[in-house]
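This briefing sets out the overall architecture, the pockets and selected residues of the model shown below. Please read it alongside the sequence and the structure.

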Amino acid sequence: MKAYERLLNYVSVYTASDEDSNTVPSTSRQFDLAKKLVEEMKSIGISDARVDDMCYVYGTIPATPGYENKPGIGFIAHMDTAPDFTGENVKPVILEDYDGSDIVLGNSGKTIENKYFAHLGNLKGKTLIHTDGTTLLGADDKAGIAEIMTMAERLINSDICHGRICIGFTPDEEVGRGADHFDIEHFGATFAYTVDGSAENEVEYENFNAAGAELIFNGFNIHPGEATGRMINAALVAMEFNSLLPPTATPRTTAGYEGFFHLCDMEGDVSRATLSYIIRDHDEAKFAEKKALMEAACKFINGKYGEGTCELTITDQYRNMIEMIKPHMRLIDNAFEAIRRVGLEPKAVAIRGGTDGARLSYNGLPCPNLGTGGYCFHGPYEHITIEGMDNVVQILLNIVEISYGAKN
């Protein structure tokens with residue numbers, strides 16, 4: 001089976017996670033895909049495939065004779081889709097021999113336009129899979145699952161010699177919890193790759209340092225006719241707090257290694273208001289400065305309006321994986337060579353976000369990230385190429401062959 005055929009099958013399963021849920025996994029619907037994958041893994045010869053009670057899927061392709069003592073390689077992808085935009089009732093559209101023009105997404109009124117998505121010109125002549133504009137596609141990260149599964153099936157039927165190949169599929173990556181209960185010891189790999197990126201020639205081993213910031217503003221509500229010198233309008237104070245942050249440090253105004261403050265949610269009235277931010281920076285010192293700036297802004301507000309007006313809670317989420325990857329740059333060298341073998345020029349890209357691999361790397365499993373061939377994740381403009389998916393499958397096989405260096 002081709003990787004894209006598997007993707008079309010997987011996206012029919014609704015697996016969005018829920019950041020407001022306290023259950024593990026955050027949504028029980030993720031089990032629907034997990035159980036489906038276990039059955040499929042067993043059907044292609046992965047006899048020990050299983051899903052645990054927290055919705056983590058594990059399976060192993062045993063080492064070929066003579067390679068039992070070689071280090072195991074892992075391949076990991078996540079099953080959930082982002083809760084930002086609906087992933088229910090996905091209706092994928094296949095566009096053959098794409099001509100490079102703007103892509104109208106069904107009757108949704110949405111269009112994937114070249115003026116916003118400059119990479120479209122590079123996809124000319126390829127076969128695209130996109131949405132009808134009413135849902136996301138779910139290639140993030142069901143494409144990664146499809147590519148790993150297709151690689152596994154081909155590897156089992158190949159003459160490539162290899163050590164233990166470990167496969168893992170996680171829930172809740174999109175809400176930052178994918179690595180929470182991942183059993184590294186049971187997984188059995190010495191190192192791994194997540195397959196959760198964008199273009200198929202990209203390798204990612206740097207990511208943001210990340211934190212979340214939750215703010216509560218406590219106001220003093222009094223009749224506006226008697227408010228002189230006394231009213232504290234919590235909603236206005238929240239706006240004032242935001243004005244204390246640099247306006248050039250937002251996702252819209254930054255790129256590459258530049259960090260930002262991102263206001264994700266706001267609610268409020270005169271009596272009480274809340275702001276939710278994420279804080280991001282690749283550089284650890286600049287990341288610390290951003291957190292300190294938030295603390296200073298909160299202190300300023302309390303100094304102006306009274307102690308307790310602003311309550312700030314900052315929670316660290318994940319760290320830049322590069323420090324954990326540096327001692328294992330062979331992983332990157334092997335990935336680069338695997339990409340060259342399919343005729344592409346490899347490119348190292350710093351992730352303006354994070355992956356399960358960042359936390360797994362700090363938990364003792366070095367785990368850089370590979371591309372899937374997909375673009376514009378988390379919304380209705382999501383799309384992927386069939387050719388890109390085929391390339392990724394071959395890249396994964398190449399990594400196995402390069403890592404162990406032999407065929408029968």
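In helix 8 (residues 330–340), the buried residues are Leu 331, Ile 332, Asn 334, Ala 335, Phe 336, Ala 338 and Ile 339. Buried denotes a relative accessible area under 20%, exposed over 50%, and partly exposed in between, with a 1.4 Å probe and protein chains only. Helices (H or I, at least four residues) and strands (E, at least two) are DSSP runs numbered from the N terminus. This is a predicted model, in which local features need pLDDT of at least 70 and side-chain atom pairs count only at pLDDT 80 or more, while totals for chains, interfaces and linings use all residues. Residues are numbered from 1 along each chain as its sequence is written, and side-chain values use heavy atoms, with hydrogens and water left out.

- The buried residues of helix 8 pack against strand 9, strand 10, helix 7 (322–325), strand 15, strand 16 (369–371) and helix 10 (386–404).

**Overall architecture**

- The protein chain contains ten helices and 18 strands.
- Its radius of gyration is 23 Å, close to the 22 Å that the globule rule gives for 408 residues, so the chain is as compact as a globular protein of that length. The radius is taken over C-alpha atoms, and the rule is 2.2 Å times the number of residues to the power 0.38.
- Along the principal axes, the C-alpha atoms of the protein chain fill a box of roughly 85 × 50 × 40 Å.
- Of the 408 residues, 52% count as buried.
- Among contacts (heavy atoms within 4.5 Å) with a separation of 6 or more, 79% are between residues 24 or more positions apart.

**Pockets**

- A pocket is an open set of points, on a 1 Å grid over the protein atoms alone, where a 1.4 Å probe fits, with protein on both sides within 12 Å along at least five of seven lines; lining residues have an atom within 4 Å of a point.
- The largest pocket holds about 2000 Å³ of space, a volume being the space filled by probe spheres set on the points.
- Its lining comprises 50 residues, and Arg 280, Arg 352, Gly 353, Gly 354 and His 378 lie nearest the centre.
- Strand 14 gives the largest share of this lining, five residues.
- The lining of the largest pocket divides into 17 nonpolar, 16 polar and 17 charged residues. Here Ala, Val, Leu, Ile, Met, Phe, Trp, Tyr, Cys and Pro count as nonpolar, Asp, Glu, Lys and Arg as charged, and the others, Gly among them, as polar.
- The second largest pocket has a volume of about 160 Å³, and its lining residues include His 119, Lys 126, Glu 200 and Tyr 375.

**Glu 200**

- Glu 200 sits in the loop between strand 9 (191–197) and strand 10 (202–207).
- Glu 200 is buried, with a relative accessible area of 7%.
- Beyond its neighbours within four places in sequence, Glu 200 contacts several residues, including Lys 126, Ile 339, Leu 344 and Tyr 375.

**Leu 8**

- Leu 8 belongs to helix 1 (residues 3–10) and is partly exposed, with a relative accessible area of 27%.
- Residues up to four places away in sequence aside, Leu 8 touches Pro 92, Ile 94 and Ile 129.
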